[in-house]
Each structure stands twice: as structure tokens, then as C-alpha cells.
Amino acid sequence: MTVDTYSVCPCGSGKKIKFCKCKDSVGELDRVLKMVEGGQVVPALDRLSKILAEHPDAAWALAVRGRLLLDLREYESLAENAQRFTRLQPSNPLALTQRAAADLFRGNVDEANESLLEALTESGRDVDAFVLDVASVLAFSLAQAGEFLTARVYATLALMAKGYEGGQTAMQVLRQLNSAPTISQYLKAVPKAIARPADADWGERYDEAAGLLRSNKVMLAQSKFDSLRRTVPNEPAILTGLLTCAIWRGDAASQSELLLKLSACETLDFADRVRYRAMAALTEPEMPSLAVPVMQLTADIEAADQTEIAFTAQSRFVSLPADMLAGMKMNEDDVAPRGGFQILDREKPSTDSLPPADQIPEAIGVVFIYGRQTDRAARIEIQDVRERDVDEVKAQVTTALGSIELTQTAGDALPLLVAVQPAIAMVRFQAKPAEAEKLQLEITRDRMPRAIANLRLGILGGQSLVETANDDSKLLERTALVRILQQYDAIASRGDDILAELHRLSGIAPQEKLQLTEHDVETVDNEDLNRIDPEGLNAESLIYLLQRAQQVSATPAIRHLATRLLDTELSAEQRPAKMLAYMSLANVATEAELALGYLEKAKVFADENNFSNANLLLSEIGLRLSIGDGEGFQRAFQQITSRHSSDPETMARLQQLLMQFGLIRPDGSPRTGPAGPAAMAGGGAKAPAASSGLWTPDSPNPPPAQGNGGGSKLWVPGMD
């Protein structure tokens, strides 16, 4: 092939081939590409090595070789290739991106981020697809590391790039960030820039820095914003510019510092200051001001068997199942505990039937028993003991074992979302799952607000919301903490009454309902979705906002908007939206019976309007399996097989669902033994939040112990 010497060189330098150092060797490009297209990757790499031996300055060969090595996951060779490439062309964006990729796959995320920012700075108006590919992977790694805002900007960069067709990874990252109920709504959008004063004498310098930032030249913009900050230290517009730079750089400490400074700017509205104060706590590394300190107690013992017998005899101890203990290893070299118990805050109820909610005990610690090992004596370890409970835990252990010397050390602090969950003890009762579900919901609604309001947190100077309820000097922090809590869908989805009681206990007034017009719906911030007043909104606005609320898991908004949509007259084109509303209400229902009720109404509506009910029946099957309703499952199964057996997609989804619940094997044959873990954990269609994690005799795999992923759940036998 004759190479067009006036085309841009594939090395990434931005120069035309005629003026690039690659011009003497780029004629080999066509031959190499044909080898790659024909699947001859290894011969192509060999040919590239020969070309580089003959032409050491053939940067295009290094560019192609780096992509091939990345595809082959030859990360060490990629690092060597990147090092040579950057020595040859230190400002080449493809060389810098290869270096970023090498660092990323060796676990050096910060270094990868820095190299990619350099690549973006050196890129022209059109960013190379290879840069965007690595940006997408970096976004994924950042999301896993909890750097949610930085992950978002990189994923958005790849997704919004003009002409880029490889945005699937970026889309997946954004979907996961948006849908996670354990990520605050405050972290589901990058903070908006504050406009500078129109008459500022530093306006031209600011505009130049902002222009660099819009062009993704973050490091250059950072320098200019730093210079401006020295001139005007506490200007909100400049601080938000620096904040955006800190987000791109993945510098969580700087993000938190800048947000804290913004919250102190009295020229801003109080609501804006509250939002910045909340985000300052959420972006702080490890979120120490929102974590609850706990203690760990340890002691050597004579014999593990005798200790286990002693704990079993006590009414304030509940044993943990053996299969749970088997998983209590940090790595393969660790030894699992011989035994484990929850230590309760009150006596176990003596009745076998479900007692009243106020008699259900909670765990105040988890004790693990370890046998003698080669390098250490037999011992007990008591984890996740809050400071207020230390003396009580010591007293209970002493009652069981007699005089024992317990060593007290600081444990890993409990994250806020774990600390607010009632640690319901694993006590056996005879009851139906539906009854247990209602009791668990009642316990949560009754105890969670008080548990939250009495947490002593760093954001309040080590005090609680109850203790500072009348302290005007902490109004900003109190309000920020309440807003943080209500912007976690994992809390807000439990019911409006929990937040109402929290507002009462904290002395913080609830936010007013947000009145919108059809012209405002696209400008609503994520954190404002739950306070939208749906009255007066037209059908189109309701549908848009409902879909938006689903994307970011704003459950209260989903309930309000979907309910209103069901009462709204819809055009023929809009009528399918009622199916969306019914399904939405079923998915966010707090009880299985409520969810099934919405699904029944949706099936009637589908039949009346000749809509397919396949998705409804699949959801119903998963839900009935998750609550152990065998009769209801059989009815739904018969309906879907009789009406949709000719639909291969529906049948494939049904088979996958039954496999997840452990009812059939991958080949479609029925299982004769006990169902697998997925069947008991609700691994198919989404079950209501209140029913997930419920431990019944059908469920051989109990939920995690206290402090290991959200607290323990109610164990209710009764489905044998």
C-alpha cells in the first residue's frame, strides 16, 4: 500500500507522516495490520520487533505494539514498551497512555491517573480511541476503590466522546455508580462550577483557566487556579475550579478540603453550604467523621471446647452456624474460628413463636473462638464492640468464663451505613416468612431513627444528633449529617416515617416539597428528586422523572411519581408507562405482599391493553421463590409456560432464573438435592428490600455477622 505522506502519522505525535520521524518505516504499517487482522498477532509482534531494531525511532511501531501487548495482557512487556515509547516521545499522548495502562494493571492507580491526565493535556481536540479505552478501564478501577467522583468524570469522558464506539465499559461504570443504594445521591453527580462575579478584575485569568479545564487540560488549569487562589483566597468560583481539578486528579483529601472551605463561604446560600459540608465528609478518605469507633477484645484461653460449652450455656449468647464460620477467613492461609457467638443486649425470648418487636434482642458484639495453633495459644476474639457496650460485653464474658484478662484495642471503625442498621440477633423462632418480614420491618422502623440519632460522630465533634439538637453552633454540621443520611437510598427506601422521626429527634426541619413545572424537570439535582411534589405535573414530566429516579435509585421519588402516574390520564403512546409504574412500585415495595399486589394489578392492566406480561411473571416467580411460596410459584410458572413457551428469550430468562434459584441444572434437568445458595438468597428477580437477607430454615446460608456487611438479620424457622 502506498502511504499518504500528508495523512496524520499513527504514532500519535499529531504530525503528518511527511514531517514525522516515522516516515522511513511507516510503509511497513499495512503489512503489520494485515497480519493482525488475520489473527497472526505473535508474528506481527515479531515483525514489529524487527522494525524497531532497524528503525529505533519508529514510534508508530511502539504505538501498535503497545496495543497488541495490552490485548494479550502482557503487562510487563507493555511497561517496557511504554518506557521506551515515552523516552522517544515524552509528550506523545499514546506513549503516556501506554504508561498509564501499565501502571493501572500493576495496581498503581494514582500513577495511572497522573499519566492519563498528561495524555489528555497533550491530546488535541480529538482524543484517540486508545486513550478513551484506558480511561474507561481506569474509571472501573476508581469505582472499585471508592473514588466515585473521579470514576464518574473518566467514564463520562469516554461515553460522551464524539465518534468513540467503545463506551460499553464506561456505560457499565456509570450504571453501577448511579444504581447503587449505598452511594449517596451527593456523589452521583460532579458538583457544578460556581460562576465568577461579572465585574471581577481577575475574570480574564479565571476564564482562561476554565477554558483549559473544559479542554481536559487539567494540570495546566490547576496551575492557573492555584495562582488565582493566592490572589483571591476564598472565592467560591475559584474553589470550585480547583475542586474539579482535584476530582480529575483523584485527590480525595484535596476534594474534602475544598468542599469544607466552600461550606464555610457565608456568601453562599445555607442550603448550598450544607451540601458542600455533606460532600466534604463523604469524600474524605475512609470517611472518619462518619464512622463509628469500635473496640476489639482478645484473651488467651485454656481450651476451645470448654469455652464453647460455657458460652452455649449462657442465655445472652447465640451460636453462629458452622457454614458462616467457615467463611470467616481473610485469606487461604488463615484459620477459621472453631466457634462463634453473638453477645446479646438482653435475654433471649423463651417463646418459640414470634415475640413482640421490643423483645427481639440485638447483638452488641461477636466472639470467635480459636483453637491452639503452632505459634499461638487458644484464644477468643470479640469484635465490633462499641465503646458504650465494652463494660457490658466484659461482664457477660466474665459471667460465662469466670475471671479472664481481656486485652482491649481499637478495631476497624464501622461505616455509617453498617452502624445505623439494627444488629438483630440470630434467634430461632417458629413463624412464616411473611410474618418475620413484617416484624423485621417493624424493628427497623422503630429502632433505626433512635440508633442514628444517638451515634456519636466526628462530624459533630464526637457528639450525637440528640446531644446537639439545641446547639446552634453546630447547625450546619447537624443539617449536613441529616441530609447525608436521607440521601442514602439504603436508608431512605425503608420508609418516610424513619426520616420523619429522625428529623424530630435531631431538631432539623424536613425540606419543603419541591414544586416544578414541565420546563424545570430536566434541571433537578439528584438530591432533590425525593422531595418533588408530583401534583400538577403532566404525564410526560412524570414519566421522565420516574425514569430518572430509577436510574439513580431514588426510592421515595419512585414511589411518589409512580403512584401519581397511575392516577394520570395517558395517551395511547404513553399507556405502557403504567406498566413501568406498577413494576417500579413492585420493585421498591417494603413487603412481599405489597409487591405481589402491584404485580397482580399490572397483569390485569397488561391483559386489558394487550401488553405482554412475561416480565411481570418472571418477577413474580423470583419473588414467590424468595419467600417460599410454592403454590404461588406453581401458578406463575404455569402461566408463563402456557402463554410464552414459544418465546425463546422469555424461556431462556426463565431457565436462567430457575438455575439461579438452584431448581434446575445448566442442562435443564431438575435438581433432586437441596437448592443452591442463590435460591435462598433471592438470586433471581429482585425481592423487596425488607425480605432480602431473611434467614429461614430454607436458607442454609445465613446473612453476615454483625459488622460484616450490614449487621445480622432475624432467623425465622418455619418453612420445613
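Guide: Helices (H or I, at least four residues) are DSSP runs, numbered from the N terminus. The model is predicted: local features need pLDDT of at least 70 and side-chain atom pairs pLDDT 80 or more, whereas totals for chains, interfaces and linings use all residues. Residues are numbered from 1 along each chain as its sequence is written, and side-chain values use heavy atoms, without hydrogens and water.

Visitor: Is Phe 140 buried, partly exposed or exposed?
Guide: Phe 140 belongs to helix 7, residues 129–144. Buried means under 20% relative accessible area, exposed over 50% and partly exposed in between (1.4 Å probe, protein chains only). With a relative accessible area of 28%, Phe 140 is therefore partly exposed.

Visitor: Which residues does Phe 140 touch, not counting residues up to four places away in sequence?
Guide: A contact requires heavy atoms within 4.5 Å. Ala 155, 15 residues away in sequence, lies 8.0 Å from Phe 140, C-alpha to C-alpha. Under the contact criterion, and with that sequence exclusion, Phe 140 touches Val 173 and Gln 176.

Visitor: With which side chain does the side chain of Ser 115 make a polar contact?
Guide: Ser 115 is placed in helix 6, residues 109–122, and is buried because its relative accessible area is 4%. Leaving aside neighbours within four places in sequence, Ser 115 is in contact with Leu 96, Arg 99, Ala 100 and Asp 103. At 3.0 Å, the polar contact of the Ser 115 side chain is with the side chain of Arg 99.

Visitor: At what angle do helix 11 and helix 12 pack?
Guide: Two packed helices are described by the angle between their axes and the distance between the axes. Helix 11 (residues 218–231) meets helix 12 (residues 236–249) through residues including Phe 225 and Leu 228 on the helix 11 side and Leu 242 and Trp 248 on the helix 12 side. Axes are lines fitted to C-alpha atoms over the stretch in contact, and angles run from 0 to 180 degrees between N-to-C directions. The axes of helix 11 and helix 12 are 9 Å apart, and the angle is about 145°.

Visitor: Around the axis of helix 22, what arc do the buried residues cover?
Guide: The buried residues of helix 22 (residues 496–506) are Ile 498, Leu 499, Leu 502, His 503, Leu 505 and Ser 506. Their placement on the same side of helix 22 follows from the arc around the axis, which is only 165°.

Note on methods. Helix = DSSP H or I, 4+ residues; strand = E, 2+ residues; numbered from the N terminus. Polar contact = N/O pair within 3.5 Å; in protein donor to acceptor, adjacent residues only side chain to side chain. Arc of directions from axis to C-beta.
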